[in-house]
Structure formats: structure tokens, C-alpha cells
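Dear colleague,

I am passing on the structure below, and I would be grateful if you could look it over alongside my notes. They follow directly after it.

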Amino acid sequence: MERMVKEAVRYLGYGAVKADEATLQMIQRCFEELEQTANKRIVYRVFDLRMAEGGHIEIENLSIESKGLSKNLRGCEKVILLGATLGVEVDLMMKRHTYTDMAKTVVLQACAAALLEEYLDECQAKIGKEMEEEGYFLRPRFSPGYGDFSILCQKQILAMTDAARKIGLTMTKGSMLAPTKSVTALIGLSKKKENCHIKGCEACKKTDCAYRRCS
């Protein structure tokens with residue numbers, strides 16, 4: 001819980017400024033409500049990976065042009081495509097609060113984002129153990145919309161994982177995920193073990209890593 005509270009405070013934009021006690025108490029209450037309301041679900045599939053020069057990536061019928069993702073996947077033989085969500089119930093709860101308490105709605109948004117990240121970390125740890133039994137090691141997850149990885153790729157990721165049928169995760173015409181507190185991502189699988197941070201490059205201080213996706 002402590003880690004999620006810190007993440008929620010960060011999402012709220014406090015930075016180096018310490019959150020006041022009233023805000024921390026509201027964060028705690030919001031997490032309690034979210035845990036009772038959220039219907040956390042994930043779906044994922046493993047695919048063969050083909051890579052070419054210039055950042056071109058092929059995953060079955062999904063073609064991606066991304067130098068950032070290509071760098072992240074360097075040395076990988078396979079890739080996991082995944083979709084995860086906190087469920088439509090969280091969307092409905094936040095919508096109800098917009099009519100009565102906008103301040104709480106803002107805190108709920110931050111807490112929901114932190115809860116989703118925590119859920120993904122837990123799932124990724126479990127998937128990592130399963131993949132190690134097959135001789136593969138996970139790279140940090142990489143989501144559409146980051147860097148030069150087009151957000152439009154979400155549509156095919158959802159189709160390839162059958163996310164709509166399995167966990168109720170879809171994409172709007174505006175390329176937004178529905179429910180809103182959801183995510184799609186790729187995770188590279190390599191036979192070589194790298195000490196990559198589960199949360200990805202943003203949380204890692206190793207700036208000279210060959211797979212680093214950000215400065």
C-alpha cells in the first residue's frame with residue numbers, strides 16, 4: 001500500500017512537496033473504495049517476433065515502425081502482447097463522483113492509475129516466473145503511445161489478444177481504451193537475462209543500458 005500511495009502522490013503532481021495529511025487520508029479512502037470496486041483482469045498471448053533494420057517489427061499480422069520499441073526488444077525471440085483493466089465499475093464510480101466531489105474525483109484518478117500499475121507489476125512478476133521455466137526472461141513492458149510507438153497499434157493488440165471478449169477491453173474511435181483505467185503493452189522475451197526494472201526505464205537509474213528507451 002505504501003508504494004501505491006507514493007505513486008498516487010506523484011500522479012497528483014506533488015513532486016518534492018510533501019502531501020498534506022488531509023490529502024493522504026483521502027488517498028487512503030480512495031484506495032479502499034477502489035479495491036472494493038475494481039474488477040481487475042488481464043489477458044495476454046505469446047507471439048514469435050521478427051525484427052528488421054530501421055525499427056521495423058513484425059508480430060504475426062501486426063507491423064510496427066518504432067525505433068524506441070525496436071531498441072527495447074533487441075535480442076528478443078518472442079513477445080508478449082497484453083491488455084489489462086480495472087473494469088467498467090471503476091469508470092462508473094469516478095463518473096458518479098464528478099457530480100458531487102470533483103476534488104475526490106481527481107484523487108481517484110491518481111489512485112486508479114497507481115492501482116493499475118501495481119496490478120500490472122504483480123501480473124508481470126507471475127508471467128516472468130512462468131516464462132523462466134521455458135528459458136525466457138522478460139524485458140520491461142512498453143505501451144503504445146510511448147515515444148514513437150503509435151497508439152493506433154492498440155487496435156490490433158486488442159484483436160490479437162481477444163481482449164474484448166475475454167476481459168471487456170475495447171478501443172474507441174478516438175483511439176482511447178474503454179474502460180479508461182486500462183492499458184495495452186508489449187513485453188519482449190529473451191534467452192538472455194538482463195537486470196531490467198519491472199516498471200521500465202523511467203524507474204531505473206542505469207542510464208548506459210543498451211535497451212534503455214528514454215533519456
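Asp 162 is found in the loop between α6 (154–161) and α7 (163–167), where helices (H or I, at least four residues) and strands (E, at least two) are DSSP runs, numbered from the N terminus. Although Asp 162 is not a glycine, its phi is positive, at about 55 degrees, and with a relative accessibility of 27% the residue counts as partly exposed, given that buried means under 20% relative accessible area, exposed over 50% and partly exposed in between (1.4 Å probe, protein chains only).

Please bear in mind that this is a predicted model, in which local features need pLDDT of at least 70 and side-chain atom pairs count only at pLDDT 80 or more, while totals for chains, interfaces and linings use all residues. Residues are numbered from 1 along each chain as its sequence is written, and side-chain values use heavy atoms, with hydrogens and water left out.

Glu 60 also has a positive phi without being a glycine, in this case of about 50 degrees. Glu 60 lies in the loop that runs between β3 (56–59) and β4 (62–65), and its relative accessibility of 48% makes it partly exposed.

Turning to the helices, α1 (residues 2–11) and α2 (residues 21–37) pack at an angle of about 115 degrees with their axes 11 Å apart, the axes being lines fitted to C-alpha atoms, for helices over the stretch in contact, and the angles running from 0 to 180 degrees between N-to-C directions. That makes α1 roughly perpendicular to α2; angles under 35 degrees count as roughly parallel, over 145 as roughly antiparallel, 65 to 115 as roughly perpendicular and the rest as oblique. On the α1 side the contact (heavy atoms within 4.5 Å) is made by Met 4, Val 5, Ala 8 and Val 9, and on the α2 side by Leu 24, Ile 27, Gln 28, Phe 31 and Glu 35.

Within α2, Gln 28 is partly exposed, with a relative accessible area of 32%. Apart from neighbours within four places in sequence, Gln 28 is in contact with Met 1 and Val 5.

For α4 (residues 88–98) and α5 (residues 102–132), the axes come within 8 Å and cross at roughly 160 degrees, and the two helices are therefore roughly antiparallel to each other. Val 90, Met 93, Met 94, His 97 and Thr 98 of α4 meet Met 102, Lys 104, Thr 105, Leu 108, Gln 109 and Ala 112 of α5 in this contact.

Finally, which kind of peptide bond joins Ala 178 and Pro 179? The bond is cis, with omega at about 5 degrees, and Pro 179 is found in the loop between β8 (177–178) and β9 (182–190).
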